[in-house]
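Please look over the sequence and the model below before reading the report.

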Amino acid sequence: MPINCSKCEKNVALIKRPKTGHAVCKTCFYDVFETEIHETITRGNLFKRGEYVAIAASGGKDSTVLAYIMKTLNDRHDYGLKLVLLSIDEGITGYRDDSLESVKRNEKDYGIPLKILSYEDLYGWTMDKIVKAVGLKNNCTFCGVFRRQALDRGAALLRVDKLVTGHNADDIAETVIMNVLRGDIARLQRCTSITTDSEGLIPRSKPFKYTYEKEIVMYAYFKNLDYFSTECIYSPNAYRGHVRAYLKDLETISPPVILDIIHSGECMRLKQEIKLPTQGLCQKCGYISSQAICKACVMLEGLNTGVPELGIKKSSKVKDKIEKLSVQCNGGGCNSGCIS
């Protein structure tokens, strides 16, 4: 038997919100979805009028909805922002090349200019080549490190004021769990921040911090947005996938668990005696790093010298090689493929 929308109490409800359990009509769903994101942006003071903002665009559901929402709210609430789409081509045949076609269509549909940077141009490697060198076990680690730096470098190249990503509530809850399991204190402290930045880096913001993935999918479907839905061909073995499956099981028992985990992460405090790594600059490429040589440069050194495990393993031999690399860079004798 049809029931009326719990918000307007007039139209027939078509959607049960995964986030709240409320039954709403399509029009009211659009309204609450967009309003909640607007409130997240305003409460978090994510932007200032006149800022130049890059939207990390992969062509997937999250980034496509983010681009649509940013344009919609910017026009509706007169944020006064200048927007640009920033895409990273990791070089994954049959996946990223197809998803970038979706981004190019978004560029035309939303009237937002697009900039594409590739791993090939930045690092001299594509993910297809990296997978051939390292196999499927640790490839996501390489991609994650290179992608984070590539987005920062793209944002710097565009000279934007802010970078926004489509990380949603599910992503952040997964990250909290992963950091707890890994005992990664430094990342655990900052992974729930709605805006993250380090000295010298362009701030990153997450307008979807409290937005459930299921509602993003529903919004994209009902709005008939053009996005690429195929999963990365190299991701099934990713560690995050196991955490995601665990979180989905918890969500079936208690839907609020995603927000509960985020709020728990927000409330975590470290003891004063715990010393966190201090941020400095990589001696090799000048990128922000808590080590003498940043993770991306260590990984690139390993790939270029035929020792891909250099960026993964923590044996004494690996530490000795990294130390030698640091000495080379300090002495001006570094010639092993610096990122420029």
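What follows is a report on salt bridges, a cavity and a surface patch.

This is a predicted model, in which local features need pLDDT of at least 70 and side-chain atom pairs count only at pLDDT 80 or more, while totals for chains, interfaces and linings use all residues. Residues are numbered from 1 along each chain as its sequence is written, and side-chain values use heavy atoms, with hydrogens and water left out.

A search of the whole structure finds 24 salt bridges, each being a side-chain nitrogen of Lys or Arg within 4 Å of a carboxyl oxygen of Asp or Glu. Three of them involve helix H10 (residues 239-253), where helices are DSSP runs of H or I of at least four residues and strands are runs of E of at least two, numbered from the N terminus.

| Salt bridge | Closest N and O atoms |
|---|---|
| Arg 244 with Glu 174 | 3.2 Å |
| Glu 251 with Lys 214 | 3.8 Å |
| Lys 248 with Glu 251 | 3.9 Å |

Arg 244 forms its salt bridge with Glu 174, and this pair links distant parts of the chain, 70 residues apart, with Glu 174 in helix H7 (residues 169-182). Glu 174 is buried at 0% relative accessibility, whereas Arg 244 is partly exposed at 29%; buried means under 20% relative accessible area, exposed over 50%, and partly exposed in between, with a 1.4 Å probe and protein chains only.

Glu 251 pairs with Lys 214, which lies in helix H9 (residues 213-222), 37 residues away. Glu 251 is buried at 5%, and Lys 214 is partly exposed at 42%. Lys 248, partly exposed at 24%, lies three residues from Glu 251 in helix H10, about one turn of the helix.

The structure holds one cavity of 30 Å³ or more, a cavity being a set of points on a 1 Å grid over the protein atoms alone where a 1.4 Å probe fits but cannot get out, with lining residues having an atom within 4 Å of a point. Helix H2 (residues 61-76) gives the largest share of its lining, three residues. An unreviewed UniProt entry places a "binding site" at Ala 56, Ala 57, Ser 58, Asp 62, Ile 88, Gly 166 and Asp 171. Of this set, the cavity lining takes in Ala 57.

Ile 185, Leu 270, Ile 274 and Leu 276 make a nonpolar surface patch of about 270 Å², in which residues have over 30% relative accessible area and no salt bridge, and nonpolar side chains are joined within 5 Å. Leu 276 is partly exposed at 32%.

Conventions:
Patches are made of residues with over 30% relative accessible area and no salt bridge: like charges are joined within 9 Å, nonpolar side chains (Val, Leu, Ile, Met, Phe, Trp, Tyr) within 5 Å. Accessible areas come from the Shrake-Rupley method with a 1.4 Å probe; for residues, only the protein chains shown count as cover. On a 1 Å grid over the protein atoms alone, a cavity is a set of points where a 1.4 Å probe fits but cannot get out, and a pocket is an open set with protein on both sides within 12 Å along at least five of seven lines; lining residues have an atom within 4 Å of a point. Grid points are joined across faces, edges and corners, and a volume is the space filled by probe spheres set on the points. UniProt positions are given in the numbering used here, feature names are shortened, and annotations may be inferred rather than shown by experiment.
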